[in-house]
Amino acid sequence: YAGPSRDDQPGNYWVNTYLPIASPRQNVQVISSSGPVHGVMSLDGENKRMKWAGENSGISTIHHSFSHEGRNIEFSIDSTLQYQPVFDLSLLPELRATDNVQAEHPKIARLANELTQGKTSMLARLKTIYNFVYDIPAIATSELTDALTTLEQYEASCNGKSRLLAALYRNQGIPTRLVGGLILDEGRKKASHLWAEVYVEGLWIPMDALNGHFASLPAHYLELYRGDEFLITRKGGQE
C-alpha cells in the first residue's frame with residue numbers, strides 16, 4: 001500500500017520491502033507481482049529487495065504473491081563442546097556492538113558475566129542466556145526496542161528480546177545475527193517477527209526467545225532478511 005499524501009493531493013511514493021529467498025529450509029516460488037509501476041529487484045548483501053516507486057493520486061495498491069513450503073529444523077549442540085570466544089575477522093559484524101545491540105554496555109556486560117559464571121560448555125552458556133531472555137515478560141508493540149531498553153524495562157516484544165539476546169551473546173564473543181520474517185499462521189494478516197541466529201561450529205543456529213524455540217525453528221516461519229533491518233519502508237505523497 002502507498003499513498004495518499006497528507007493533504008490528499010497527488011505526489012510521489014516509494015515502497016521498499018524484503019522478499020524471501022529460497023533455501024534448504026524454505027522453498028519459495030513467485031506467483032505474481034503487480035502495482036501502478038513495475039517493481040525493481042535488487043540484492044542487498046544476502047537479502048533480496050523489491051522497490052516500487054511512482055506518482056499516486058489517492059490510493060495505490062501493490063500486490064506481490066508467492067508460495068512457500070517450509071520445514072522444521074532442529075539442532076543438537078554437543079554438551080561437551082567447550083566454550084571459547086570467537087576471533088574470526090569475517091564474523092566481526094556479528095560480534096560488534098551497535099546502537100540497538102549494545103553488547104559493550106556495562107549493564108549488559110555485567111549481566112552476561114553473571115549469567116555465565118562457571119559455565120564452561122558452549123551449550124550451558126547459550127542456554128543460560130537464552131533462558132534469562134525468554135523469561136522476560138512479553139508485550140505486543142510495533143515500536144523499536146533496543147537491547148538496553150529491554151533489560152532496563154524488563155519487558156519487550158520479539159524485536160527487543162532478540163536484540164538483547166544478540167547483545168548478551170556478542171558480549172561473550174559468540175557471533176549472533178538477527179533474522180526477520182513472517183509467522184505464517186492461518187488468516188490474511190501475517191505477524192512480522194524477529195529472531196536470532198548464533199554461529200557454533202560452522203553453523204548458524206536459530207534462537208527465538210519470544211516463542212520458546214531454542215536451537216530450532218518451525219516450518220511456518222518465513223525468513224525474509226538477515227540483519228537489524230525494517231521489513232517494509234515507505235514514503236507517500238509530499239512527505
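Modeller: This is a predicted model. Begin with the largest nonpolar core, which has 40 residues; Leu126, Leu164, Leu165, Leu168, Tyr169, Val198 and Met207 touch the most other members.

Colleague: Which helices and strands each supply at least two residues of this core?

Modeller: The helices are α1 (106-116), α2 (122-134), α3 (147-153) and α4 (158-171). The strands are β7 (176-183), β8 (191-200), β9 (203-208) and β12 (221-226). With seven residues, α4 gives the most to this core.

Colleague: What does Met207 touch, leaving out residues up to four places away in sequence?

Modeller: Met207 is in contact with Ile77, Leu126, Tyr130, Leu165, Tyr169, Trp195, Ala196, Val198, His213, Phe214 and Ala215. Among these partners, Leu126, Leu165, Tyr169 and Val198 are also named with Met207 as core residues that touch the most other members.

Colleague: How many helices and strands does the protein have?

Modeller: The protein has four helices and 13 strands. Of its 239 residues, 44% count as buried. Among contacts between residues at least 6 apart in sequence, 71% join residues at least 24 apart.

Colleague: How do I read empty space?

Modeller: A probe the size of a water molecule, rolled over the atoms, shows where space is left empty. A cavity is a place where the probe fits but cannot get out, while a pocket is open. Here the count is one cavity of 30 Å³ or more, and the largest cavity holds about 30 Å³ of space.

Colleague: Which residues line the largest cavity?

Modeller: Its lining consists of Leu19, Pro20, Val28, Val30, Lys48, His64 and Phe66. Two or more of the lining residues come from each of β2 (26-34) and β5 (63-70). By class, five are nonpolar, one is polar and one is charged.

Colleague: What volume does the largest pocket have, and how many residues line it?

Modeller: The volume of the largest pocket is about 1,500 Å³. Its lining has 42 residues, with Leu182, Lys190, Ser192, Leu231 and Ile232 nearest the centre. The elements that give two or more residues to this lining are β1 (11-19), β5, α4, β7, β8, β12 and β13 (232-235). The largest share, six residues, is from β5.

Colleague: How do the residues of that lining divide by class?

Modeller: There are 20 nonpolar, 15 polar and seven charged residues in the lining of the largest pocket.

How values were computed: Residues are numbered from 1 along each chain as its sequence is written. This is a predicted model: local features need pLDDT of at least 70, side-chain atom pairs count only at pLDDT 80 or more; totals for chains, interfaces and linings use all residues. Side-chain values use heavy atoms; hydrogens and water are left out. A nonpolar core is a set of buried Ala, Val, Leu, Ile, Met, Phe, Trp, Tyr and Cys residues joined through side-chain atoms within 4.5 Å. Buried means under 20% relative accessible area, exposed over 50%, partly exposed in between (1.4 Å probe, protein chains only). Contact means heavy atoms within 4.5 Å. On a 1 Å grid over the protein atoms alone, a cavity is a set of points where a 1.4 Å probe fits but cannot get out, and a pocket is an open set with protein on both sides within 12 Å along at least five of seven lines; lining residues have an atom within 4 Å of a point. Grid points are joined across faces, edges and corners, and a volume is the space filled by probe spheres set on the points. Ala, Val, Leu, Ile, Met, Phe, Trp, Tyr, Cys and Pro count as nonpolar, Asp, Glu, Lys and Arg as charged, and the others, Gly among them, as polar.
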